[in-house]
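Hello,

Here is the structure I promised to pass on. Have a look first; my notes follow below it.

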Amino acid sequence: MGTGPLLLLATLEGTVMAAVLALAAVGLSLTFGVMRVVNVAHGEFYMLGAVLAWAVAQAVPSAPLGFVAALLIAPPLVAALAWVTDTTLLKRLNYDPESTIVATIGLSYLLQQGALSFFGPDARPVAAPFSLRLQFPWFGYSGYKLFVVLAALLVLGAVWLFLRRSKAGLVMRATQVDRNTARAFGINVDRVYAGTFALGAGLAALAAVLVVPISQAHYLMGHDPLLLSFIVVIIGGLGSLRGTLIAALIIGLADGILSMLYPPTLAKIVATLAVALVLVFRPQGLFGAPAR
Amino acid sequence: MKALVLHLAVLAALAAMGFLLPPYHHGMMARVLVMAVFAIGYNIAFGYTGLLSLGHALHFCAGMMACGIAMREGVAAGPALLLGLAAGGVTALATGLLALRTAGVSFMIVTLMFAQAFHLALLYYGGFTGGDEGFPLPGAARRLFGLDLTQAGPRYAVALVLFGLVLLAQWGLVSSRFGRSLIAMRENEERSRMLGYNPFTTKLAALVISGLCAGIAGAAYGVLFGYVGASFGTTQYSILPMLYVLLGGAGTTLGPLLGAGLMAWLIDAASGLTDSPLAVIGVTLIGLVVFAPRGILGTLRQRGLKWLP
């Protein structure tokens, strides 16, 4: 295979990666933007989505139906868990940023242990709903992966429409800008927070359900997406949705292409250091506006 | 005066335990003492200065690796321990210079990312560092002042002496004028700036002292238990000292020891119920943050024992 086809393959892989990453990171970005809390358990919500998808697919005999059922059942379940977490735990902490981080670290340990106890230490696959193969002149490519990109685009579009056009989205944005004024206008801020936290977790779970036919479900699988989502959200500017999307595209493509040319560990080292330096020297992110 | 008696009584009790404990708990307690040194370092940064770092595994593991690699190359245990101490301080200085330009949540993420990058680098240069599998330190090299550290008795004694020195140094530090300026940074940075203190250099000094403790703890852990590896650089080893300090009481001199000891006992007691300590750590973290953010000694101090250091 020549350089051209190799680059094409790398770009395709990178695009798939970027799509999944964008879904996962938008959830993190939403919770940070609206609630000003960093959810360390975000990766575990992602993992739960994948594990639940496996459980649902096990219960349904036919492969396409199982996947569709997982897509419909797993994200709402994870969102419900996040809602409960918000109302019972984060609200009690008054959304203090540092306490929330410590509490969500604890939560992530709990969820990991729960998955390990009930799901076991093995990686388990979920069958893709269809097995279409696109034949390029040089290599075949899984049609399902392109479906993932399409689905991610659809969901992201829906999130954008929801935020821009719906009443609930307006209320969320109002809360993001000024929590106290929003409360003064009769907005139930507690419910907005719980809803945002649930939405963020649900998006992570959705990304995981989409990804599980490509990579497998595993109780430690939340670690990398958490780190990458952090990287994307920070590079894109904390709380900026558009920045998050652009950053997801850049990081996903860069990761796809660089990890074909260089060892993946080296790429990760460079990425984590880059994030630390961005936070130190340009805290508003590469695409965010400077703080007012 | 009460405080001095308390510190000496705790050290005396620990020394007595060295003679009384059965072998299994003997080894566990030596581990607790070394981890308490690490936690004291964390306490100086977080408990007294208010710097919530999520990257202290970097300094711990840097100390451990520097010491371990030096010993592998034939350096004696004493100088290798000093090398570990220095590695903890140098890494804290380097990351502190950058990370202290941020505060709050950004500071937590930046320190987390530095530690993550360090851990990944250890894996990447696995040929030199031993990677995730690490490497054992030869028993013949683990000798300090003529003591054979592969034996339980000398091992406990060395851990206790190290802990005692660091505990008393911490107490001296936090009751000194400089220690008061650290607390001032935690309580109100702007006001202390107005009083003429330089927040950046004060906090940097606190981080370096904290890193020195973490470095010597990591090096001692390697020498005493004969194994070093990159697995001690994972995020979990940044969370553990935070957990100990939160449990025992942030900003109390004996909190780190109490937290480390209690946590070891809790995980040991729960090992009959679950096969992994993750859930215990998770539940404790959440419970502390929700119900007792001051920790045990912090709550006692608030409830009347005002003299508690």
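Start with burial: 52% of the 292 residues of chain A count as buried. That means under 20% relative accessible area. Keep in mind that this is a predicted model.

**Fold of chain A**

Chain A holds 11 helices and two strands. In sequence order the pattern is α-α-α-α-β-β-α-α-α-α-α-α-α. The radius of gyration is 19 Å, close to the 19 Å from the globule rule for 292 residues, so chain A is as compact as a globular protein of that length. Its C-alpha trace spans about 60 × 45 × 35 Å along the principal axes.

**Surface and charge**

Chain A exposes about 12900 Å². Carbon and sulfur atoms supply 67% of that area. On charge, chain A carries 17 positive and 10 negative side chains. The centres of the two sets lie 11 Å apart.

**Interface with chain B**

The area buried between the two chains is about 3200 Å². Carbon and sulfur atoms give 84% of it. On the chain B side, B:M113, B:Y124 and B:L278 lose the most area to chain A. Together they make up 19% of what that side buries.

Best wishes

Definitions and conventions. Residues numbered from 1 in each chain as written. Chains lettered and ligands numbered in written order. Predicted model: local features only at pLDDT ≥ 70, side-chain atom pairs only at ≥ 80, totals over all residues. Heavy atoms only, no water. Helix = DSSP H or I, 4+ residues; strand = E, 2+ residues; numbered from the N terminus. Rg over C-alpha atoms; globule rule 2.2 N^0.38 Å. Buried < 20%, exposed > 50% of the residue type's maximum accessible area, 1.4 Å probe, protein only. Areas by Shrake-Rupley, 256 points an atom, 1.4 Å probe, with all protein chains shown as cover. Lys, Arg positive; Asp, Glu negative; His and termini not counted. Charge placed at Lys NZ, Arg CZ, Asp CG, Glu CD. Buried area = accessible area lost by both parts, 1.4 Å probe.
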